[in-house]
Amino acid sequence: MTNSPLTPGITAGRLPEESYAAQFSDLHPVLDDHEALVAADRCYFCHDAPCMTACPTSIDVPLFIRQIMTGTPEAAAKTIFDQNILGGMCARVCPTETLCEEVCVREIAEGKPVEIGRLQRYATDALMAKGVHPYTRAEATGKTVAVVGAGPAGLAAAHRLAMKGHDVVMFDARPKSGGLNEYGIASYKAPDGYAQKEVDWLMQIGGITVETGKKLGDGLTLDGLKADYDAVFLAIGLAGVNALRAEGEDADGVLDAVDFISELRQAEDLSKLPVGRNVVVIGGGMTAVDAAVQAKLLGAQNVSMVYRRGRARMAASAFEQDLAASKGVQIFYNAAPVAVYGDGAVEEVEFEYTSEEGGSLKGTGETFRLPADQVFKAIGQTLDGAPEGIEITGGKIAVDAVGRTSIAGVWAGGDCASGGEDLTVTAVSEGRDAAEDIHAKLMEG
Amino acid sequence: MADLTSTFCGITSPNPFWLASAPPTDKEYNVRRAFEAGWGGVVWKTLGEEGPPVVNVNGPRYGAIHGADRRLLGLNNIELITDRPLEVNLEEMTRVKKDYPDRALIASVMVPCDADSWKNIIPRIAETGCDGFELNFGCPHGMAERGMGSAVGQVPEYIEMVTRWCKEATDLPVIVKLTPNITNVLYPAEAALRGGADAVSLINTINSITSVNLDAFSPEPMIDGKGTHGGYCGPAVKPIAMNMVAEIARNPATANLPISGIGGVTTWRDAAEFMALGAGNVQVCTAVMTYGFKIVEEMISGLSQYLDEKEMALADLVGKATPNVTDWQYLNLNHVTKAVINQDDCINCGRCYAACEDTSHQAIEMSPDRTFTVKDDECVACNLCVNVCPIEGCITMKTLEKGEMDERTGKPVGDYANWTTHPNNVAAVSAE
Ligand SMILES: Cc1cc2nc3c(=O)[nH]c(=O)nc-3n(C[C@H](O)[C@H](O)[C@H](O)COP(=O)(O)OP(=O)(O)OC[C@H]3O[C@@H](n4cnc5c(N)ncnc54)[C@H](O)[C@@H]3O)c2cc1C
Ligand SMILES: Cc1cc2nc3c(=O)[nH]c(=O)nc-3n(C[C@H](O)[C@H](O)[C@H](O)COP(=O)(O)O)c2cc1C
Ligand code: SF4
Ligand code: SF4
Ligand code: SF4
């Protein structure tokens, strides 16, 4: 008997084997040459362009689009990479609808922005397809820097530091580098092993050694790193997850959404990855959407996403909510989990409707239950593994505008550090800026 | 629906839209389909002498300039006159004219510059039943090197001479097609008139190189590694053509000479503009080469609607704008306007600011919250911001009333006064 979306319980192979590739294919395929020229031509080359201001890495958008328009996408890519060495990944994963494209004057005027993200991908793909790396290292400075965490923040910092002539050693607890680019981003945003291809391309700068399977707090200590290196950059992301605080949440089948996604991202064969018939995702952010959509794409019959507040408060953008809805995910607003039921394994989740008064959330007393074989918790990640003695603010490592922590010689950036949204592009920008400051500090003499 | 029947130098056609002499009119098959599509007339592809016809290149013969989304803005060609035998063309013309008696069929002709050549061929062509002749003095490539086409059109004396020969050889109307590859279009136009021309048509194509292949280092279109200048036409040449039409229309000596307007006509609006400047009808080539014969339907419906809205007869449109084409020196220097930005329409792109700040008069202010406003005390009303603003109608020019203060000069707006009486003009005639 072959399985189908209707097969009860948690099982693999709910879809015909050949359909997985199409299910998980590129969400926004790359523009072809003609499409790119037409899309580029829509840009007005604004003065002091709002899109550039909205980009956390301040990419010169009008300039790179003009370079595409004149048939030099490689030059456009260089403009992008100068500001954002992970411009290729950002082109795929940035929620442009809340960043550059949100403020594009053509969005304001017509509700149809210049397709900045897709143009950025067109340019960066063109350059990377040539296999060239357009940067070389400055003369060796003899200084060494330890970067902890090989996600977007760590990679951006390492590249910039290597370019400045410093020797960088990058440590990561996981077996592969890339951070959430490799383990977190939805697979249809960066298919075909793009995250590793990008890391390999970035490493062509030289001067960066990667040591995977090395964890700060488990073998590595901050004091040790400080002693061995001239500077330390912490980019450890948010390795912990919040608890539901609902009765019965340790039942079998109740998982962290990030673990489900990471397993999915690392799966060799998606037809072998089990998924429930009835899946309930709890949370309202990007992680919740990604878990829900990918569960649906794996062949789950019913996927519900339940968020405790109203639609307007949801962290996932309208675009992402629409994406989820278009894939058949049902979204419930204003409902909080109260209990997980089941005999060993989860069978049902009970929710209570909520109302928000003056910012505080109250249960209305009315409840409902959703059948569930699998429950994914996506209610936020937390800082885990920050070194002792470092100042923490709002649950994150406290940093100033250039990434300096409370400990001299130690910088931090990306999701683990205070300030900025938890986005790939923000992590890149913080990594780059910290690298510049580290460089300035190391060269002081 | 307005009556579009047009009479041009005695030739009547159901509408003023003719196809210019070119590939669209090269043979019976095309012309029949053009007439079925609704074209009012055609100027048959230029006929040459009896005997072996000219040959065309066998590599690419067109080059192009494209705008956004590959919109074809300018076309360039190195094609010659018809490469089919004279006899075949004449037979086809005879058949077509018989089947479409209400349409204009004009024979375009180019033969060597001697009286016999012209006087022999004109009566022979007349036997087809054609309604008139167009003398091709325009072709800028290939034929000019053989002493024909623009080689004749660039020498007013030759134009006059050849036109006279043709007028002596026929009673049918003779239209002289002018080349734009000259210094002043009035010289050839006046020469045509002296020779007895019934009308002029213009423009033929402009000498041009549309692009250079930066790998092979040759002009395009490239034939075996080499290129040559070709004739430029299409939307890009319309402004040049319209100026030449207007110059002839407002020149007292040629004011009554009918003009067939050619050059970039693509829509009814282009046609209306040419006609307002003094063209009695228009001819179209590149637009049909781009979109096919069907566009004439839009031209017919558009021009009819316009004439209905204006409650104007077609004949009244012809030359309606000519009196308003003047010389710079007669423009009113006391007409003062100021750019005004409509804040509701403005999308804050800042293009007006960059243009005015970097290249004009530093007359636009940008506030920290990206509000753009015009400084009346700096604005010289050059119109650059209006032209670069991506939102049509967002920036307009407000005219100051007489007596109102011009904040830039600190003087109130005065009465009409032009350069001829301006104090800075050393040649000024004092206004008594
Ligand atoms: C499911 C999901 C989907 C997302 N989708 C998007 C999206 O579409 N667009 C977007 O812009 N952002 C998205 N984000 C957010 C984005 O992925 C992060 O903001 C970004 O990856 C942060 O980069 P980082 O370098 O700070 O951290 P991470 O990418 O988390 O990298 C941290 C690295 O540090 C390593 N590490 C952790 N602790 C230690 C330790 N103690 N010792 C050594 N190494 C350690 C980890 O293994 C990891 O490799 C998503 C996040 C998730 C969870
Ligand atoms: C390929 C091509 C061939 C042409 N051949 C002739 C010709 O044989 N005789 C002629 O008088 N004009 C010829 N012309 C010029 C056109 O009749 C017309 O004057 C010119 O193209 C401008 O009009 P347009 O902008 O509508 O194309 C030719 C134009 C093109 C594009
Ligand atoms: S805001 Fe839009 S139109 Fe303006 S420069 Fe940026 S992408 Fe181009
Ligand atoms: S009209 Fe010219 S001078 Fe006046 S604001 Fe516009 S660009 Fe500046
Ligand atoms: S160019 Fe037009 S739309 Fe852009 S800022 Fe100026 S007035 Fe506004």
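Which backbone atom of A153(A) or of its kind meets an oxygen atom of ligand 1, and at what distance? In this predicted model, a polar backbone atom of A153(A) lies 2.9 Å from an oxygen atom of ligand 1, a polar contact being a pair of N or O atoms within 3.5 Å (within protein, one must be able to donate a hydrogen and the other to accept it, and residues adjacent in sequence count only if both atoms are side-chain atoms). On its own, ligand 1 has 990 Å² of accessible area, and the protein covers 96% of that (Shrake-Rupley method with a 1.4 Å probe; for residues, only the protein chains shown count as cover).

As for the conventions, residues are numbered from 1 along each chain as its sequence is written, while chains are lettered from A and ligands numbered from 1 in the order in which they are written. Because the model is predicted, local features need pLDDT of at least 70 and side-chain atom pairs count only at pLDDT 80 or more, whereas totals for chains, interfaces and linings use all residues; side-chain values use heavy atoms, with hydrogens and water left out.

The shell around ligand 1 holds 34 residues, of which V93(A), D172(A), K189(A), L216(A) and D415(A) come nearest (a heavy atom within 4 Å). By class, there are 17 nonpolar, nine polar and eight charged residues (Ala, Val, Leu, Ile, Met, Phe, Trp, Tyr, Cys and Pro count as nonpolar, Asp, Glu, Lys and Arg as charged, and the others, Gly among them, as polar). Of the elements, α15(A) gives the most, with three residues (helices are DSSP runs of H or I, at least four residues, and strands of E, at least two, numbered from the N terminus). Ligand 1 lies between domain 2 (144-239 + 383-442) and domain 3 (242-377) of chain A, because both give residues to its shell (bounds from an automatic or database domain assignment).

Turning to the interface, 13 residues of chain B are in contact with eleven residues of chain A (heavy atoms within 4.5 Å). The two chains bury about 1000 Å² between them, 65% of it on carbon and sulfur atoms (accessible area, 1.4 Å probe, that two parts lose on being put together, summed over both). On the chain B side, D69(B), I347(B) and R370(B) lose the most area to chain A, together 42% of what that side buries.

Chain B itself is assigned domain 1 (6-323) and domain 2 (328-421), with 41 Å between their centres, taken over C-alpha atoms. Around ligand 4 are residues including C356(B), C379(B), C382(B) and C385(B); this shell has ten nonpolar, two polar and no charged residues.
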